[in-house]
Structures are given as C-alpha cells and as structure tokens.
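Morning, everyone. I have one structure to go through today, and I will keep it short. Please look at the screen.

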Amino acid sequence: MVVREIIDILIQDGRATPERIAVMTGLDVAAVREQIAAWERGGVIRRYKAVVDLDRLREVTGAEVVTALIDVSVSPERGAGFDSVAARIAQFPEVRSVHLVSGGQDLRCAVTGSSMHEIGDFVARKLATIDRVTATATHFVMKAYKDDGELLIEPAGDHRLTVAP
Amino acid sequence: MRPLNPVVAACPPSGIRRFFDIAASMEDVISLGVGEPDYVTPWRVREAGIAALERGLTTYTSNAGLLELRDAICEDLDRRYGVSYQPAGECLVTSGVSEGLDLALRVLLEPGDEVLVPDPCYVAYGPCVAFAGGTPVYVATSSADGFRLHAGAVEAAVTPRTKAILIGSPANPTGAVQSREDLAALTGIAVRHDLYLISDEIYERLSYTGPHTCLASLPGARDRTVLLGGFSKAHAMTGWRVGFLCAPAPVAELAGRIHQYTMLCASHMSQAAAVEALLGGEGDVRLMVADYDRRRRVFVKGLREIGLDCPEPGGAFYAFPSIAGTGMSSQDFAEQLLLAEHVAVVPGDVFGPSGEGHVRCCYATALPQLEEALTRMDRFLRTR
C-alpha cells in the first residue's frame, strides 16, 4: 500500500524527489530511491516529462501544434492480430499514442503536426497505405479541456477567506 | 435605547477578525490562517447539487432532513464505528456542526450549568455555552504531551453544577487526537458524575495516526452522548452548511424542536449533495486525506527544521507550533509575521489561555505555498 503511495505521488508530480517522498510517506529515503530505481529498470516508469497546454503555448509563442484523433480500421493478420500493424503505426514520431479499442474501428491514434495539411499528408501517404489498414477517420482536435488528468480550463481560484475560525 | 442582551454583549468578538482585516489589505499573502480545505467540493458532489437544482429541489425538506440522507448518515456510522442510531428519531440534519453544537447546548443546559471544555479549543465552544445560558469551565491542556485531555484534570474541574463535557477530537486548533483510553476515561467520569458528553467529530475522517475513535462507540457513552458530525471538512463542503446531530431520542427530539422553530431545515440542495457525498464520495475523501497527510508530514518537519517545536498533529489539518522561544506573544508573532513576511497564521490565544505561545497553521494549502511560507517564516525567525 505504501509502495503504491510512491507511484501515486510521482504520477501527480514527476519532480518529487526521493527525499520529499520519504517525508510524505514516512518511508526510508534509501527504500524510496531503490523502489523508484527498480521501477525505472523494470519499465514501470518510462519517463518524466511536462504536461503542456498546447493551446496556451500557441498563444504565448505562436507555435502551432495541431492534434488529430484518428480511428483506423485494420484487417487483422493471422497469428499476429492487430499487433504488427499497431507497431508499424506506433513507430512514426508524429504518432503520440496508439490504442486498440472496442467499437466500430480497431485502432485509435493521436497524431500531432504543425498544420492540418501536414497531418492530412501523413494520413494519406503513411497511415492509409500501410498493408491491412482498410479505412481511416480523422478527427481534428479543436480545443483541449483536459489532458493526461490535468484540467486545462481556467482553475476556479482560491475563494477562501484569508483568516477564518 | 434599552440595554442589549448582557451575555452576548459580554462576549468578545472573535480575535481572528483583526488579522483578516490586515491580510485583506495586502497582496501575495500566503494564508495558513484558514479553517477549511483548499479543495473545492469534489465534482461528483457539486454535480449532484446542480442536478438537485435542475430537478427543482428548492423547497423545504422535513424538519429532521431528507430521510434518504439520515439513512445514509446512520448507515455510515454503523458501518464504520458500530454505533447505531435510528434515522427517524435519533438523527437530525443540521446547518453544519455549528448549528448542531448550539442545539445540543440549548437542549442540555439549564441556566448556570457548567460545561467542561478543553483549553485551547475551537473558538465557538465557550461563546455557544454562554449563549445557551451555561458557563464554560476550561480544562487546561499542554503541548508538552500533545494536548492530551487528562481524566484527572477533567474530574478535578467537576462541580455540582457541571452538566456536560464538550470535546472535539481530532481538534481545532491543535490537531490533537485523544486516545481511545483517554476517551474511555472521560466516559467513566461522565458516568460517575452523570454528565452528558458532546462530541464534535467534524474532523473524524482526517485522522492520520490510527483509526478514529467515535466517542459514542465506547461502552457506556452512547446514551449520554450528543454526536456532532458533518461534511465540511472530509468532503470539502464548508459552504454548503450541512451536518448532523445524533443523540438518544429524548435529546434528539428536543433538539429537533428548536431546529423546527429556528432553522426549519438545512438547505435542500445541500442535503441532496450530501447524499451523493456519502454514497459515492469515499474515493474522493481518501485521495484528499492522503494528500493532507503528505502535506502534514512535510509541513511539521519543516516547522521543526526552522526551530519551532511542534507536537505531532494526529488529525484535522492544523499544526500548532510553539513560538514561545521567540519571546513574543502569539498576537505579536502573528501580527509581525503578517506585516513583515505576508504569512497569515492565527494567534493561539484566541483559542483559550493555554493557546498562548502557539500559532495555528493550516496546512490545507498547496505544497509550493507551504514551502514558501516556511521559507518566509524562517527568514522572519532569523531576523528577530
């Protein structure tokens, strides 16, 4: 249970140090450090990175990042099912995520690019032409409200009185 | 003009107000002076409140409150503490524990009755006893043993006029949790001297060092106890004003009679939201409590590192460090810390004479804010 708390803290704050986590949980620092190292070695923790609000980044820097959610229909391969096609799609750096999903289509992918045109080009030239991909449906993201558990809309603010009984 | 009620006129205004006025005139104040969660009410509960408004639940409810809510409250108390109350007859939904406390005192006290109250304690205890016609008799506790309420000290304060003992555990402002043994000893005193017990358990879910002891669950306690609880702290619902009073039928019945004529009922939509809090809010409570506990550990360690003695707060979301080493009174310390470093804390003396030499710091604030507050307090201490 306490081990689970370490990962809960890191999921909330990837920059929490082993020292800080040790204080928070009452665990020994060395034990926390060892547990995190074990997760890193074992591939449980893949990477530490920032959650970026791309809309706000564009407002601030002008950098345009377009995201599309793309549903991909696949004719599964004997023996490999959807895995080989999914792996081929996942290799492209512009593909941010690939999930095998239930429902009408088979794979749901998130793809980013610097313009709609660039993504359209990617779908037409790369994605749709992969063997066993039978159809694609591209949904461009118009606005992000929540990403990776983080609310991207304006926070409510602290309405508490400064001093109260 | 004819004179006003002397009991009310004799009651000093809350000492907290002055700090609120100073802090309100400043920017970039980090406030550790609050008494409520920094979380907003979890969305599932807010959504239930919105749905209640959409469904038009804008009317009075029965005086005692929605039966569905009373069922959920009694079921929850039975499941977690094994204390059994009848939803009809022994449970009253109130506008927060504040109303419940007032009702309990008004029902139990005859003019001149004394109520034993720990010192320091929540600011409303003494005034509410006085407003109900009683006299608060303070039993001093000390940071040296974590603000333990000693049975010997309590029993020594009992007189023929003593009618009840009022306690809060976990406590505001100290964060102290009374042990099961001490609560059992307190119950023994109540039995020996035929006293009522009023147990303010608003912070029960915020217990970090072990399972909470519900006073009414102790042998011999239930039939002389008024149990007060609510949603404000655990479910981050302070502004909804909804709590409950559970007591043996004769007490609950009379409390209901006052409530019927004064409050009528607690807010209907708040009661609907509270039902959702009890039926679906457990996961949210656990997440928030785990988070308070982490901040508690970081903050208490930080206070000790900057040289302030701080007894381990086992519950609520307050630390009550000693500032006696500075040689300043708690009022001076709080005022100068606010003026010099824009950190708001509450001087301990507003909670009773034994609170002098301490300040109350609420750690229900984001970690980076807590860290910044500790940095500023450290700087403040170094320049004194």
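I will start with confidence, go on to the overall build of chain B, and end with the cavities.

First, this is a predicted model. For chain B the average pLDDT is 96, and 100% of the residues score at least 70. For the complex, the predictor gives an ipTM of 0.77 and a pTM of 0.90.

Now the build of chain B. If you count secondary structure, you get 13 helices and 12 strands. How compact is chain B for its length? Its radius of gyration is 21 Å, and the globule rule gives 21 Å for 384 residues, so chain B is as compact as a globular protein of that length. The C-alpha trace spans about 60 × 55 × 55 Å along its principal axes.

Next, burial and contacts. Of the 384 residues in chain B, 59% are buried. For contacts, take pairs of residues at least 6 apart in the sequence of chain B: 75% of those contacts join residues at least 24 apart.

That leaves the cavities. How many cavities of 30 Å³ or more does the structure hold? There are 4 of them. I will describe two.

The largest cavity has about 150 Å³ of space. Its lining is made of 16 residues, and those nearest the centre are B:Asp76, B:Arg80, B:Glu204, B:His235 and B:Leu278. Which elements give two or more residues to this lining? They are helix H4, residues 67-81, and helix H10, residues 268-280, both of chain B. H4(B) gives the most, with 5 residues. Sorted by class, the lining of the largest cavity has 7 nonpolar, 3 polar and 6 charged residues.

The second largest cavity has about 120 Å³ of space. It is lined by 14 residues, and the closest to its centre are B:Pro118, B:Pro120, B:Gly168, B:Ala171 and B:Gln178.

Methods: Residues numbered from 1 in each chain as written. Chains lettered and ligands numbered in written order. Predicted model: local features only at pLDDT ≥ 70, side-chain atom pairs only at ≥ 80, totals over all residues. Heavy atoms only, no water. pLDDT = per-residue confidence, 0-100. 1 Å grid on protein atoms, 1.4 Å probe; cavity = no way out; pocket = protein on both sides within 12 Å on 5 of 7 lines; lining within 4 Å. Points joined across faces, edges and corners; volume = space filled by probe spheres on them. Helix = DSSP H or I, 4+ residues; strand = E, 2+ residues; numbered from the N terminus. Nonpolar A, V, L, I, M, F, W, Y, C, P; charged D, E, K, R; others polar. Rg over C-alpha atoms; globule rule 2.2 N^0.38 Å. Buried < 20%, exposed > 50% of the residue type's maximum accessible area, 1.4 Å probe, protein only. Contact = heavy atoms within 4.5 Å.
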